[in-house]
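Subject: Structure handover

Hi,

Here is the structure I promised to pass on. Please load it first, then read the notes below.

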Amino acid sequence: MANITIYDGTSRFFPGKTPFGFYDYDYEFQTDADKVVTFCARRLGYPIENIELQDINFYAAFEEAVTTYGNEIYAYKVRQDYLSLEGTPTTSTTLNTDVIQPNFASIVRMSHQYGEEAGVGGTTTWYTGSLSLSVSVQDYDLNTWAQASASLDSTDRIEVKRVFYEPPPAITRYFDPYAGSGLGMENLMDQFGFGNMSPAINFLMMPINYDLQKIQAIELNDQVRKSQYTFELVNNRLRVFPIPTEAGGKLRFEYIKESERNSINAPGTSGGVSNVSNVPYKNPTYKEINSIGRQWIFEYTLALCKEVLGYVRGKYGTVPIPGAEVTLNHADLITAATAEKNLLIERLRGYLEETSREKLLERRSLEADYKQKELNLVPQPIFIG
Amino acid sequence: MALYGEARDISLFRHINRELMHDIISQQVVYHKYNLVETKINIYGEASTGRIFQEPTLLYSLIERGDESSPAFDEVGTVAQNLTFRFLRDDLTDIQLVCDQGDIIQWKDLYYEVDNVISNQLFVGKNPDYPNKDSTGTNPLETGLENFGTSLSVICNAHYVPADKVGIDKQRL
């Protein structure tokens, strides 16, 4: 006749009695464990009525409560600081006792994509390439060029970011009599290569807007009266205007490899924090938990014990007694336990939320406002110098 | 394969039953076990010199009480009353007491003779005393049936008998 003992009013904790042993060697955990058993048993009705649990059930609940408390605290910290934590090494011992210094690493990392498209940053390399222009050939297939010259995988493509196919800057023709600028008297100097410089003769200082207007006039003249340098780029097929008339010209361009842009591995973060599961937080150190935290843990332990007791008493719905059967209070226990657990979790999360950086700064700002209001009530003496 | 009603569950029931019967209800009776060996009978099978009982035993019991009925006109001074005494089988097993017809149960200093004994409250329909093993100690269909189910109770139906007919002297238990 198997006789499974139940709690008899005494318990004696020693390491190995909890399922995971996270805190078994913490002296204060050891001391509190038996007190928690007494607390929970009495809150459940012992010694007026039996508690169909063993000491190990209480210890398991106690360990779970401490772990849950730690999880809530550190999950909150992860949520609060994740932008600063992402990408940091996971190999550090623990962040439990560290004060997190906020940083811009993730923000900058997230911004790389915009700089990348604009050509002013990012982590995708811009390569340079060139092809030789041929006489009377207007269309050039850059895909073909890439396969031959860009060391691409067979499934990869390039995306051309910039084509250097432009007319000479208008400033170089500032003194060009054919530029349509109406300033042909300096043609000779331009031919000698002195176009951009003062020839050390008479010089009339003109306002800068005068120069700008002349340059715009040259550009507009080219656009209206000439076949302007331009190109079309569709699906990496480049069509240049005007049609080249001389051989030997080089057309240069910049491109990226699509495979590199599609890469999702942020450089420099390999082996670092990649998600909330590998942020290096560990279970809390019980002896460092303050009385506020411990009281929460005790109450959560009680709720867990209540839940377990409910499951024990409710396994069969009714319990046979000689000639009849009785229904125990398992339903009430489980309902109460569930409600209490939820309430405790909500209370803790609310408490944590109240101490978030945002809330603290908000409160500090309010305090400053109120202080200022109060100080304004102080009569201000008239300064007489 | 038997899954429910394993010895661990039965142990829980035992705890709950004992808490209920011993600590909460705490209804007690004195059980006088009829001593067949010591009782002398005549050639007609009658205990002509009176019945002899074993040492009385104090037991917890759930008692289902019938009302006393009016005395018959020719039996002035007597009453009739039927009671049902429900015992936790484990309590009886602990003291190796087997209830039987003819035993006397003393309650409120009144005596009730057991008419019949019912032992039919099987949890999950199984009695671990009958695991249906063959001569080699195996059950070809199922193993471990001796660990499942329980015969939970022993229920005694009894009727009132006057003290002078029982012949039991009150003594210290």
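Lys108(B) lies in the loop between β5 (104-107) and β6 (110-118) of chain B. This is a predicted model, so treat every value here as computed. Phi of Lys108(B) is near 55 degrees, which is positive although the residue is not glycine. Most residues other than glycine have a negative phi, and most peptide bonds are trans. Lys108(B) is exposed, at a relative accessible area of 57%. Its charged end sits over the ring of Trp107(B), 4.8 Å from the ring centre.

Chain B has another positive phi in a residue other than glycine: Val124(B), near 50 degrees. Look for Val124(B) in the loop between β7 (122-123) and β8 (150-151) of chain B.

Now chain A, starting with the cis peptide bonds. One runs from Tyr46(A) to Pro47(A), with omega near 5 degrees. Pro47(A) belongs to the loop between α1 and α2 (55-85) of chain A. Another joins Phe241(A) and Pro242(A), where omega is about -5 degrees. Pro242(A) is in the loop between β5 (237-241) and β6 (250-257) of chain A.

Next, the rings. The count over all chains is 27 aromatic pairs. Take Phe29(A) and Tyr286(A): the ring centres are 5.5 Å apart and the planes stand at 85 degrees, so this pair is edge-to-face. The two residues are 257 apart in the chain. Phe29(A) is in helix α1 (residues 27-43), while Tyr286(A) is in the loop between α7 (258-262) and α8 (291-313) of chain A. Both Phe29(A) and Tyr286(A) are buried. They belong to one aromatic cluster, whose members include Phe13(A), Phe20(A), Tyr59(A) and Phe298(A). Chain A also has a charge over a ring: the charged end of Lys257(A) is 4.9 Å from the ring centre of Tyr127(A).

Last, helix α6 (residues 208-225) of chain A. Its 18 residues should span 26 Å at 1.5 Å a residue, and the end C-alpha atoms are 26 Å apart, so the two values agree. Which residues of α6(A) are buried? They are Lys214(A), Ile215(A), Ile218(A), Asn221(A) and Asp222(A). Viewed down the axis of α6(A), these fall within an arc of 120 degrees, so they line one face of the helix. The face turned away from the buried side carries exposed residues, among them Ile208(A), Gln213(A), Leu220(A) and Val224(A).

Best regards

Note on methods. Residues are numbered from 1 along each chain as its sequence is written. Chains are lettered from A and ligands numbered from 1 in the order in which they are written. This is a predicted model: local features need pLDDT of at least 70, side-chain atom pairs count only at pLDDT 80 or more; totals for chains, interfaces and linings use all residues. Side-chain values use heavy atoms; hydrogens and water are left out. Rings of Phe, Tyr and Trp (its six-membered ring) pair if their centres lie within 6.5 Å; planes under 30 degrees apart count as stacked, over 60 as edge-to-face and the rest as tilted. Helices (H or I, at least four residues) and strands (E, at least two) are DSSP runs, numbered from the N terminus. Buried means under 20% relative accessible area, exposed over 50%, partly exposed in between (1.4 Å probe, protein chains only). A charge sits over a ring if NZ of Lys or CZ of Arg is within 6 Å of the ring centre and within 35 degrees of the ring normal. The expected span of a helix is 1.5 Å times one less than its number of residues. The arc is that of the directions from the helix axis to the C-beta atoms.
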